[in-house]
Amino acid sequence: MKKGTYGYINHAKKISIIASILLFISIIAIFIIGLKLNDNSKANIFSIISALLSLPFAKIMVRAIIIFPFKTDNIEKYNRIKKLNIDGILLSDLMISSQEKVFHIPFLIICNNNVLIYLNNHKSIDLVSDYVKTLLTKSGYNHKIHIYKDFEELINYCNNETKKEFNINDEDVEVEKILLSLLV
């Protein structure tokens, strides 16, 4: 499943947990096989292989720990946004990492040099707004950032905008690439 698609967080959790378990079992099995084949001596190639496998295991575990507190927003909200038939870029289940924090953005729409962000976590509004604005400005884009803590406000804005011209330009596609590059 691609980053930025609906259900990504729940899918990534499952994959991370399964991969962690399989790698852990593999590490233990390879180490034990090495012990049995080498008269209980740890000085063998199997010990090295199991030690090297601990690196991807650690990477996957860190990702699982970061993802674990977040969840995919409900499907009804996603379907309501999709029904609007917005000619914009809709991203969902975003987890953007900054130096201070990992932000969960349930829904983000990019269109007409605007970035519309819906947040469940009201404590992060200023941090997300500042971070995304700074990031886009440093990349040379002047997109206006709109943060919505109320889902109905986002829907109303989109309904009003669809009466006007609501479409994607080349800069919007580039902004999507920048945002997707930051995802956990």
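The following dialogue explains how several descriptions of this predicted model are reached.

Guide: This is a predicted model, in which local features need pLDDT of at least 70 and side-chain atom pairs count only at pLDDT 80 or more, while totals for chains, interfaces and linings use all residues. Residues are numbered from 1 along each chain as its sequence is written, and side-chain values use heavy atoms, with hydrogens and water left out.

Visitor: How many helices and strands does the protein have, and what pattern do they follow along the sequence?

Guide: The protein has 6 helices and 4 strands, and their order along the sequence is α-α-α-β-β-β-α-β-α-α. Helices (H or I, at least four residues) and strands (E, at least two) are DSSP runs, numbered from the N terminus.

Visitor: Why is the protein called more spread out than a compact globule?

Guide: The radius of gyration, taken over C-alpha atoms, is compared with the globule rule, which is 2.2 Å times the number of residues to the power 0.38. For 184 residues the rule gives 16 Å, and the protein has 21 Å, well over that value, so it is more spread out than a compact globule. The C-alpha trace spans about 75 × 35 × 30 Å along its principal axes.

Visitor: What makes H1 roughly antiparallel to H2?

Guide: Two packed helices are described by the angle between their axes and the distance between the axes. Axes are lines fitted to C-alpha atoms, for helices over the stretch in contact, and angles run from 0 to 180 degrees between N-to-C directions. Helix H1 (residues 8-37) and helix H2 (residues 45-67) pack at about 160°, with their axes 9 Å apart. Angles under 35 degrees count as roughly parallel, over 145 as roughly antiparallel, 65 to 115 as roughly perpendicular and the rest as oblique. H1 is therefore roughly antiparallel to H2.

Visitor: What is the handedness of the crossing of H1 and H2, and how do the residues of their contact divide?

Guide: H1 passes H2 in a left-handed crossing. A crossing is left-handed if the near helix is turned anticlockwise from the far one by less than a right angle, and right-handed if clockwise. The contact of H1 with H2 has 20 nonpolar, 6 polar and 2 charged residues. Here Ala, Val, Leu, Ile, Met, Phe, Trp, Tyr, Cys and Pro count as nonpolar, Asp, Glu, Lys and Arg as charged, and the others, Gly among them, as polar.

Visitor: How do you know whether Asn40 and Asp93 are buried or exposed?

Guide: Buried means under 20% relative accessible area, exposed over 50%, and partly exposed in between (1.4 Å probe, protein chains only). Asn40, in the loop between H1 and H2, has 58% relative accessibility and therefore counts as exposed. Asp93, in strand S1 (residues 89-97), has 2% and therefore counts as buried. Most residues other than glycine have a negative phi. Phi is positive in Asn40, near 60°, and in Asp93, near 55°.

Visitor: Why is Pro56 called partly exposed?

Guide: Pro56, in helix H2, has 33% relative accessibility, so it counts as partly exposed. The C-alpha atoms of Pro56 and Ser20 are 8.9 Å apart, although 36 residues separate them along the chain.

Visitor: What makes Tyr8 and Tyr148 count as buried?

Guide: Tyr8, in helix H1, has 6% relative accessibility and therefore counts as buried. Contact means heavy atoms within 4.5 Å. Beyond its neighbours within four places in sequence, Tyr8 is in contact with residues including Arg63, Thr72, Asp93 and Val184. Tyr148, in strand S4 (residues 144-148), has 9% relative accessibility, so it too counts as buried. Not counting residues up to four places away in sequence, Tyr148 touches Leu116, Ile117, Tyr118, Leu119, Glu153, Leu154 and Tyr157.
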